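Hi everyone, thanks for making time.

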Amino acid sequence: MKPGNFQIGEPMPPAPPSANAAAFSPADLSARRAASRRLGWWLGAAVLAIYLLGLLIPR
Amino acid sequence: MNTATTTQPTPHDAGHYPGGLMRWLTTTNHKDIGTMYLTFSLIMFFVGGLMILAVRAELFQPGLQLMQPEFFNQLIGVHALVMIFAALMPAATGFANWMLPLMIGAPDMALPRLNNWGFWLLPPAAILLTLPFTLALFGIGDGAIATGWTFYAPLSVQGGMGVDFAILAVHILGISSIMGSINIIVTIFNMRAPGMTMMKLPLFAWGWLITAFLLIATLPVLAGAVTMLLTDRHFGTHFFDAAGGGDPILFQHLFWFFGHPEVYILLLPVWGLMPHVLATFSRKPTYGYKAQVYSFIAIGLLSVVVWAHHFFTAGLPVPALFYFMFSTMAISLPLAVLFFCWIATMWKGAMSFETPMLFAVVFIVLFGIAGLTGLILADVAADAQYHHSYFVVAHFHYALFAGGIMGVMTGVYYWLPKWTGHMYSEKLGKLHFWLTVISFNLTFMPQFFLGLAGMPRRIPDYALQFAEFNAMSTVGAFILGLSQLIFAWNIWCCVRGGPKVDGRVWEGAEGLEWELSSPPPHHSWETQPVIK
Amino acid sequence: MKNAPAHAGHGAHYFVPQPSLYPVILSAGMFLLALGFVQTMNDAGPGQWVMLAGAAVIVYVLFGWFGHVIAESQSGAYRDWEDRSFRYGMIWFIATEVMFFAAFFGALFYMRVISVPRLGEMMAVHGVTLWPDFAGTWPTSGPQGAPFTPMGAWGIPALNTALLLSSGATVTWAHWALLRDRRRQLVAGLAATVLLGAIFLGFQAYEYHHAYTELGLTMGAGAYGATFFMLTGFHGFHVTLGTVMLAVILLRSLAGHFSAERHFAFEAVAWYWHFVDVVWLILFVFVYWV
Ligand code: HEM
Ligand SMILES: [Cu+2]
């Protein structure tokens, strides 16, 4: 099993939807996964761009 | 499903526990003690905050407005000591007390009476620290310690009785932290649920384990240093006096041998907490568990060998400057690993942004600024310019407020429903978050520019060219201070009532602590769970 | 899945003590002690009396708390699981003590190796100094210190080394005896250890008297005096604590406490005693000898 995760006795059943947290539909969840993935690429690109820009600044 | 495990009646639950005040004075229960630590921490957070608001008011405009320089110096020193030793450290210990037994499947902390003593040492120490202010009102002594939190000799050797009070307060706080650390180490080593190997330990426990080792390694050295200070002051020794063959720089070495690891002591518990929060709200397992564990260990080891970067300008030999510069910069490598793991945990996750998650995400950004400016300060040549300027003040507030205090807020929002069984108000939480983040940056971002422009720290008056940035900073500080009332109110309401939550609280939450009801029973994990 | 199997874990119920008032009282005592100390140092009010009150409270708690723990132990409340907690706890407590002494040894080495020689070289290297006549050699009371005679190693200090080393042997002998259930030897070994510790302290008191009255060696005797008294003083304080703790163990042994299987308190004190021993050896070499 993955370190840092727990099972008590037998494998844990999938977490029941919590009463308090907003319940997300599967479609919503996968939209969020896609969004965080896109954002990751954008941020990566931005960092790279800043790095390259830095190379152009004369010192 | 979450409540079934732990509610077997126990012989102890027969009800002969004292109630009222006696409950809190005598308790040996980790949850009660955790609650006391956290409450104390919140109170002292406001005490230290009020002190520094007076300071910011003084700095609103150039010239001496409200107070004498001596009093100003007392305020900044006691502010820092209160915030570090009485607000941030007790908050982390409170988390450990509440959560470690729940997270590792233990019935309680390993040494419960010692645990109680560890807490009850704090109020006397806080009184010792702040008493000299009151005494001065009655004409006894000349007020609190006026050396800043660093106690540098020879100023501290010459200072008044506030220094003695602070020295003894630090001794008592030190004993408290040592007792807490021993307890945490023993709990983690000896109380884990069967099957929970060290590499299945929750990262929060790992962070605290390294913290506890650092405390054990460095706090006694601080105790030794302030003891030498005490004998220099009253018993005629010459540790820090060149006329007797001593050296004031010796004090700086001893102090920072403790002082640098201390900043990691303040942050490692938060670094341990972050992956839990990020994983929960990204609905995805923590990325790089092992990498984070090894980074904690590497940071712990490195942090005790870099101390002299705090006094590059004191006149160290050049080889020493080089060594301390490079070793300091080396710390950013394991730190960068942590940043990578935090971000990678979120990547491709189904993220949602409840208050704890908002704090966690912003923590990464603001704490990143702390780390990057730290790298600038670690450069010996650059530090000659920045040392003892407001740049340093800004740097460590990004580390300690955004990294430390906002990390604690993350934990409070994340675990408050677990502790109370009620949901806090998400609306107020978000309001608190946005006000805090904006006003925090309004307060401290200008201080970078002030420092770059040459404004020294620890000074009640300044040249006219610094006026605008200082005014901005003061406005920010007051908004920041007032916003914390929302935080306190939100906590208060959540303790008193609110929508009930179930054991898991957050739908993405994983770990033993979420298998218990919210709030957990008085004795949790009387029968230890078995981890496979 | 919820019913954690009955064979769970250590199969045991961990002993979580009942609520106790001792910790709070102890903290109050320490507060009074600290407050009175600051008062005394600054001539602000009746400091000695406050300190005395604080000390009395602390002594009361020591008797009460430890007495309570001993009673719990005798009642069989502690089994293997708890025992292990105590052992880990004591080990890490001794680790903090090691670091406490490390601070003072650090100060000693820093002065001997770095700051004092530098102070002596100022003239040669930089052509400036307040004190051109200062040579920067060890031992020193500093450029402005009064002359003194350093403490020689081969008189009382060497004798004290022998005393402490043999006390380490006697306490080990007592442990041996305990493991083999030979109560007479246990008591004899402990009594010998307490006696050796007491003699050590007597010699040290004599040495301090000698230093102050005849050698001009005082706390105020610059770098040497400061490190000498701080290191030997804190060591002596720890020997005192250790001797008291050994005496308690001795009394408990006489009362028939401890068994070959269960004697954490004995071992904790023995560890502490060995730790004090090792500190003395380092101290003997670097403070008295070289
Ligand atoms: C890569 C990480 C870091 C580096 C390289 C770094 C480097 C430095 C340096 C060189 C200084 C001394 C500046 C001067 O006084 O001239 C400094 C000051 C300070 N840093 Fe950092 N730092 C880092 C992270 C942190 C963290 C994580 C914290 C706290 C949690 C922190 C807290 C402080 C504090 C409190 C001070 C000022 C202490 C004082 O003078 O009162 N730093 N840092
Ligand atoms: Cu540092």
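**One arginine and the interface around it**

Let's begin with B:R113, which is found in helix α4 of chain B; helices here are DSSP runs of H or I with at least four residues, and strands are runs of E with at least two, numbered from the N terminus. Before I go on, some housekeeping: this is a predicted model, where local features need pLDDT of at least 70, side-chain atom pairs count only at pLDDT 80 or more, and totals for chains, interfaces and linings use all residues. Residues are numbered from 1 along each chain as its sequence is written, chains are lettered from A and ligands numbered from 1 in the order in which they are written, and side-chain values use heavy atoms, with hydrogens and water left out.

So, is B:R113 buried or exposed? B:R113 is buried, at a relative accessible area of 8%. The cut-offs are under 20% relative accessible area for buried, over 50% for exposed, and partly exposed in between, with a 1.4 Å probe and protein chains only.

The side chains of B:R113 and C:E72 form a salt bridge, 2.9 Å from N to O. By that I mean a side-chain nitrogen of Lys or Arg within 4 Å of a carboxyl oxygen of Asp or Glu. C:E72 is buried too, with a relative accessible area of 10%. Across the interface of chain B and chain C, the rule finds 1 salt bridge.

Okay, zooming out to that interface. On the chain B side, 79 residues are in contact with 68 residues of chain C. The two chains bury about 6,100 Å² between them, 74% of it on carbon and sulfur atoms; that's the accessible area (1.4 Å probe) that two parts lose on being put together, summed over both. Which chain B residues lose the most area to chain C? Our friend B:R113 is there, along with B:W117 and B:N190, together giving 12% of what that side buries.

In chain B, the side chains of B:R233 and B:D164 meet at 2.8 Å, N to O. B:R233 sits in helix α8 and B:D164 in helix α7, so this pair ties together parts that are 69 residues apart in sequence. Both ends are buried: B:R233 has 14% relative accessibility and B:D164 has 0%.

In chain C, C:R87 and C:E267 pair up at 3.3 Å, N to O. C:R87 is in helix α3 (residues 80-126) and C:E267 in helix α7 (residues 264-289), so parts 180 residues apart in sequence are tied together. These two also belong to a salt-bridge network with C:D80, C:D83 and C:R262. Over all chains, the structure holds 12 salt bridges.

Last, confidence. The predictor gives the complex an ipTM of 0.94 and a pTM of 0.93. Chain C has a mean pLDDT of 93 (the predictor's confidence in each residue, from 0 to 100), and 96% of its residues reach 70 or more. Residues 1-10 of chain C, though, stay under 50. Where pLDDT is low, the predicted coordinates should not be read in detail.

Notes:
Contact = heavy atoms within 4.5 Å.
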